[in-house]
Amino acid sequence: MPNQKKQHYVPKCILKNFTINKKFYVYNVLKNSIIDNAVPYDSQCYISYLYGKDGNIENYLKKHEDSIAPILQKIISRQGLLPEEKNVIKQYIVLQYMRTEKMIDHRQNLLFNILEKILPVITSSNGIELSKNDILKYSKDYVKKFKRTDIANENIDIALKLLFSLNDLRMIVLESNNATFVCSDHPVIFLNPFQSEFGIGLMCAGFIAIMPISPCHCIFLYDNYLYDCEFFKGSEIDVDFVKNINFMQYISCKELLFSPNCKELKAVKSHYDKKYSTEVLKHIRDSLTKKWQAVGINYPLFVNLQIEELEKKTNFIKNIIPKIMLHEKIEELNGIKIKEMFLPYVNNPNGSFYRNLDLNNIPIKYYYVGNEYVNVIKSYIQEREKNGDKNNQVVLEK
């Protein structure tokens with residue numbers, strides 16, 4: 001194999017942590033199946049020449065991986081970290097999030113959605129009438145013109161511009177001895193319970209980043225000026241918390257989950273088989289009910305019999321249900337609580353603000369949310385300034 005042809009988008013220094021004898025089990029969520037036998041870890045999560053044949057990006061990523069690998073091993077062996085090592089991890093999390101195949105898909109889908117929406121406006125304003133099918137075809141063909149390698153490299157460029165965005169977040173290393181973390185082909189999870197719809201930026205208040213690094217360890221970055229975490233009050237990392245992280249991996253991945261423990265993968269599969277069954281059955285029931293009502297038939301028993309007959313014929317509920325049919329809703333994390341003063345502004349479209357906001361730039365919030373909220377933001381910023389770089393602490397919770 002030519003040198004640097006096999007380019008991993010999840011580095012081997014993370015993949016190998018989830019192995020036994022250099023192998024792990026794989027759950028293909030698109031096929032909804034778990035491979036019976038463990039497979040070599042280095043045969044997963046890579047694309048030939050994903051970042052190009054010149055090796056520039058691959059060499060850059062290798063330098064990052066060489067720096068992150070010994071730090072991960074220090075965490076796993078419960079050694080203390082230097083401040084600069086903590087920041088290396090935070091920066092690598094940004095890079096890891098942007099470098100995966102799923103993020104290439106995300107960029108393509110984003111461009112397609114933009115074209116699909118603006119083309120009808122542009123064409124109609126110029127007296128050109130195009131059918132919906134013509135617009136969809138043109139949008140798909142246009143997106144296909146962009147090489148995935150070019151998009152992958154652009155994503156790395158974006159990551160470099162955002163590299164220091166998470167340095168101010170507090171870092172916890174979660175350790176579990178009662179349950180096993182699984183990992184995926186898109187291992188970093190970004191979420192914002194405070195502003196789940198409007199706080200998508202990395203610098204938004206309330207931002208959280210999660211990345212499992214071994215079956216027993218998970219990096220957890222959070223905005224400690226907006227959240228109270230039970231982890232700092234002596235509570236253990238319970239099994240339900242680990243399960244929630246695993247379910248998040250399922251939701252966020254492109255195609256694969258992996259673990260040295262096949263039992264954990266089966267637990268994730270079982271959880272979502274039930275969710276799929278519930279949602280798909282509801283969709284079928286609603287569709288059939290509307291269909292029969294349209295022709296004057298309104299007998300629930302008749303509809304239920306039709307559903308049972310459909311299940312017997314296809315058996316698709318358990319075997320071939322596409323992942324896309326489940327809404328990408330992140331599970332609620334137990335142990336994470338929004339501080340009381342911020343609760344009235346949860347998911348308020350005008351309630352989002354940046355963590356590094358200057359006190360001189362926030363009075364405009366008064367017109368949208370109210371003076372009381374402006375004072376809350378001031379307290380948040382003043383607390384951050386008072387504590388300096390206190391967030392560089394790393395607390396290993398067991």
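Residues are numbered from 1 along each chain as its sequence is written, and side-chain values use heavy atoms, with hydrogens and water left out.

**Exercise 1.** State the mean pLDDT of the chain.

Solution. The mean pLDDT (the predictor's confidence in each residue, from 0 to 100) is 84, and 85% of the residues reach 70 or more. Over residues 318–322, however, the pLDDT is below 50, although this stretch has 9 contacts beyond near neighbours in sequence, a contact being heavy atoms within 4.5 Å. Where pLDDT is low, the predicted coordinates should not be read in detail.

**Exercise 2.** Find which members of the largest nonpolar core touch the most other members.

Solution. A nonpolar core joins buried (under 20% relative accessible area, 1.4 Å probe, protein chains only) Ala, Val, Leu, Ile, Met, Phe, Trp, Tyr and Cys residues through side-chain atoms within 4.5 Å. Among its 49 residues, the answer is Ile14, Ile89, Ile93, Leu166 and Ile219. Leaving aside residues up to four places away in sequence, Ile93 touches Leu166, Val188, Phe190, Ala209, Met211, Ile219 and Leu221.

**Exercise 3.** Identify the helix that gives the largest share of the lining of the second largest pocket.

Solution. A lining residue has an atom within 4 Å of a point of the pocket, which is an open set on a 1 Å grid over the protein atoms alone where a 1.4 Å probe fits, with protein on both sides within 12 Å along at least five of seven lines. The lining has 14 residues, with His8, Lys12, Glu58, Lys62 and Glu65 nearest the centre. H2 gives the largest share, 6 residues.

Definitions and conventions:
This is a predicted model: local features need pLDDT of at least 70, side-chain atom pairs count only at pLDDT 80 or more; totals for chains, interfaces and linings use all residues. Buried means under 20% relative accessible area, exposed over 50%, partly exposed in between (1.4 Å probe, protein chains only). Helices (H or I, at least four residues) and strands (E, at least two) are DSSP runs, numbered from the N terminus.
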